[in-house]
Amino acid sequence: MLHDRSARGVGGAGDQAAGGRAEAARAAPCDLLYATPFARFDDEALKLAISLAFAAGNQGGLFADALERARVGPTTFEADAFANDLFLKTFVGLCLGVRVEGRPYVTAQSYVARLLAAPPAEAASLEFRRQILGELVEVPALRRELEGLYLALCRFRKLLESGAGEWDPNRRQLDLLALLREIVDRAAGGFAGARSGLARLRGFGERVQRSEAYRSLCELLAYDERLASLKLSVTVGADGKIRAFRLLSIEENSENAFVGSALRRILGKVELFLRGYRFGEGEVMARLILAVFDGIEDELAPLVGLLGDCELYLGALCFRDQAAAQGLEVCLPEFVPAEAPRVLEGLFNPLLFSQGITPVPCDIVTDRHDATVLITGPNSGGKTRLLQSVALAQLLGQAGLFVPARSARLSFASSLVVSLIQETRADQSEGRLGTELVRIRALFERLPPGAMVMLDELCSGTNPSEGEEIFELVVRMLSRLSPQAFITTHFLAFASRLERQGSIPDLRFLQVDLGANQEPTYQFEPGVAKTSLAGRAAARLGVTGEQLSSLVERNRLSLAVARAR
Amino acid sequence: MPTFLVTNRMPPELAARVAARVRGRGSRGAKSRSPRFVSLARVAILGAVLALILGIVRVRRADAQALEAERAALLDGIAAKATALSPDDRRVAAGVEAVLAGAAARYDGDVLADELRKPGALRALLARPALYARVDAAAGAAPADLGAAASPNKDAFVLCLLDPPEKRTETALLRKVHVAYSTHSRLEAPTSNVRVLGELKAGLPFLAEPFLAQVRGAKAMSELRRLRKAFEHAPIAPALEAAKARLFLSVVDEPSDRGGVAELDGEKPHAVRVALTDLTNERVLLRVRRQVDPAWISPARRSEYARGLDSCALALDVHAAVSEWSLAEAAN
């Protein structure tokens, strides 16, 4: 469905066939995010950075910087139209953090946020991700393998980015190669039974294992670990002191490709000395290590992307775990046509986790997706939180991840625009109404047909009658774009009129459900609210006449006492 | 370019990468680390050190060869000179100091061999090659001490013994003394068959084993050159001539037992022993003992020529004694 829409590859990946083939040729084979892999990194720059890090270390932030600059796939979403208002980075930090065996890990949050903000334009990539997530849930062993692979990648990153310091540089590089071997072996062996895109890891691992470079790496590590085996006999006396020490036998690992005769080893050292290197076994090993690295360094750059991919999936799994810990459920949504009903059962706002409270889930059902829904109700009734929840669900769903709902039936949106926050800037030239009008203008400038639109308190910055006029205009114009729109308002009379008249097509109404004490239940039901319960909110927040009067008297008394002193 | 870091068990791709890294080139052909200057400097230093060592070895070898050549040449020179020295010569030369010591130790009475009792026999005997030594008896008892103390030159006694003056006058004797005190050539001509013991001692050691051992043991060219110079300046020829002598003429001045004032040249009245020994069998052919006293010399000449005049007079006394004993023998 999404193939028809113009897709924009963020970072410059074009849609040209020839460029696509070239992209695929350079693409990482262990790409876990896109059905058709494409080159997400500047390969040469990344390989150079990795090469330098391997040689000398002190490349702190190499992975983070590379992920920061990584391209994301083609998408129809524009992040600046919704990321701030959805507190996307906060959501990523709060809900998509990675924990393995209870221990949290520092992740590339900005990269994950960019991935979220750029859901794939092609349906194949969406399905690709859903299958991976689904398999990770169905097969816990695969999740454990992915976690093991991720931990190995973390250790690799840490060691690669650290300096040698007082370490023996050769030891550090050998440890890096050993970690690389572990990563390849895990990829090849841990995902043997995977049927989803995780099978790419097996393919990657097995391909590398078959290469000469990998065999050379294993030989070098074997050479380092076991040059020779000595059998010793030690005799200890009654006082615990060694009486005799005898060498029984020496067995050299003569089959190893790196093992040479004693004469050859000496000549090698002399040769390096004459070539300007240091004299010693360490310098010989340094040359061998770098030679082995040269053969396998092309396999290292994809590990940067793989680390980011792992963080996305593990983060999603941890979100599921986090929700479950609070008695909430997440799911992979079902995608239906726009004219089909929207059903969100057990929908909750995960941003509420930051307040240390368990969100109250609700159910949202509309008869179709391509409708404008006006939401009314008292302040602090959950209207804005509902907009966030629905927008996050749409974003996560189209990103191929779990949505914060027990079950979800969604329709693809061509874009997402969220306008919840009205911040006052020091340089703004317009008043509240002007700012609101600018917001409306910006909305229509970027709004494609079929987009999801979230507007909080549209036209609230002017007198109700003029605001309602503009409000109606906006709603009528929106209907021409067949959006999935959710708009909150306190224009209760206006909303009621629109409901009665029914003159605007595809306009639906939801109101905050109030409980027995007129308290919001954080559930929503069809209709328009009769009151905003402003007085109750004022009483709750201490803005009644009586409360304000007591504050005034208190302040006057304080001033009098101060003057008396 | 091969490298010792590559083994034959390495796959070709790995071998190529190892070789590239040894050359200082990374996987993309760019120089990863190419300390060419250091390499060139080390090779140059190593080459210089090797060249220096080789140079030193060659120079030392050349020096050793030159030393051996010089040693061989010197030894050949010594050997060439030494061929003139027979075993008898060496034996006689070695025993002459002992004969002198015997003559200086005591006086066993006058002796005149039978073959000297014939007229002219002494003159004829004295015409043969002979060794001469004059020494003070107080010089010591050891033969080496006496040998070292012996007068290094021939004197008026030898001249007058071999070529006596016609008259026994002071003037005639003085003429002989003048010859004895004059240049070497004037004294040498009439006494050319007589060599001084000092000449034997000065030259013969250069043909002896100790000197040869020094030459063989010399470790430096400077040392060899010093030995060569000493050899070349040594009186070898006179020593060889002296070694051929089979007669030994010894004159031992006994200490003066009468006190008195010595003349300016040291002459005092004292006894003198004269002996003529056949070195082949150490048989004393002639032995006399006479007193010398410069009192008979005129005062004008005494202070300067007392010893010479006394020596010449002593020689005449020896001839006189031989004549007297011969006549007495003939009369009997």
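A salt bridge is defined here as a side-chain nitrogen of Lys or Arg within 4 Å of a carboxyl oxygen of Asp or Glu. In chain B, such a bridge joins the side chains of B:Glu254 and B:Arg273, with 2.6 Å from N to O. B:Glu254 lies in the loop between β4 (247-253) and β5 (270-278) of chain B and B:Arg273 in strand β5, so the pair ties together parts 19 residues apart in sequence. Both B:Glu254 and B:Arg273 are buried, where buried means under 20% relative accessible area, exposed over 50%, and partly exposed in between (1.4 Å probe, protein chains only).

The model is predicted: local features need pLDDT of at least 70, side-chain atom pairs count only at pLDDT 80 or more, and totals for chains, interfaces and linings use all residues. Residues are numbered from 1 along each chain as its sequence is written, chains are lettered from A and ligands numbered from 1 in the order in which they are written, and side-chain values use heavy atoms, with hydrogens and water left out.

Chain B contains 13 helices and six strands; helices (H or I, at least four residues) and strands (E, at least two) are DSSP runs, numbered from the N terminus. Of the 332 residues in chain B, 44% are buried. The accessible surface of chain B comes to about 17,000 Å², and 58% of it belongs to carbon and sulfur atoms; accessible areas come from the Shrake-Rupley method with a 1.4 Å probe, and for residues only the protein chains shown count as cover.

The six strands of chain B form an open sheet with mixed pairing, in the order β1-β6-β5-β4-β2-β3. Two strands pair if DSSP finds at least two bridges between them. At the edges stand β1 (111-112) and β3 (194-196) of chain B, each with a single partner strand, so one side of each is left without a neighbour in the sheet. Strands β5(B) and β6 (residues 283-292) of chain B run antiparallel and are joined by nine bridges. Within this part of the sheet, B:Ala275 has B:Arg287 in β6(B) as its bridge partner.

Over all chains, the count of salt bridges comes to 52. One of them links B:Asp89 with B:Lys244, the closest N and O atoms being 2.4 Å apart. B:Asp89 belongs to helix α3 (residues 87-105) of chain B and B:Lys244 to helix α12 (residues 236-244) of chain B, so the pair ties together parts that are 155 residues apart in sequence. B:Asp89 is buried at 2% relative accessibility, whereas B:Lys244 is partly exposed, with a relative accessible area of 37%.

Between the two chains, 34 residues of chain A are in contact (heavy atoms within 4.5 Å) with 28 residues of chain B. The area buried between chain A and chain B is about 2,700 Å², of which carbon and sulfur atoms give 54%; buried area is the accessible area (1.4 Å probe) that two parts lose on being put together, summed over both. A:Leu274, A:Arg275 and A:Tyr277 supply 21% of the area that chain A buries against chain B, more than any other three residues. Two salt bridges are found across the interface of chain A and chain B. A:Glu212 forms a salt bridge with B:Arg17, the closest N and O atoms being 3.0 Å apart.
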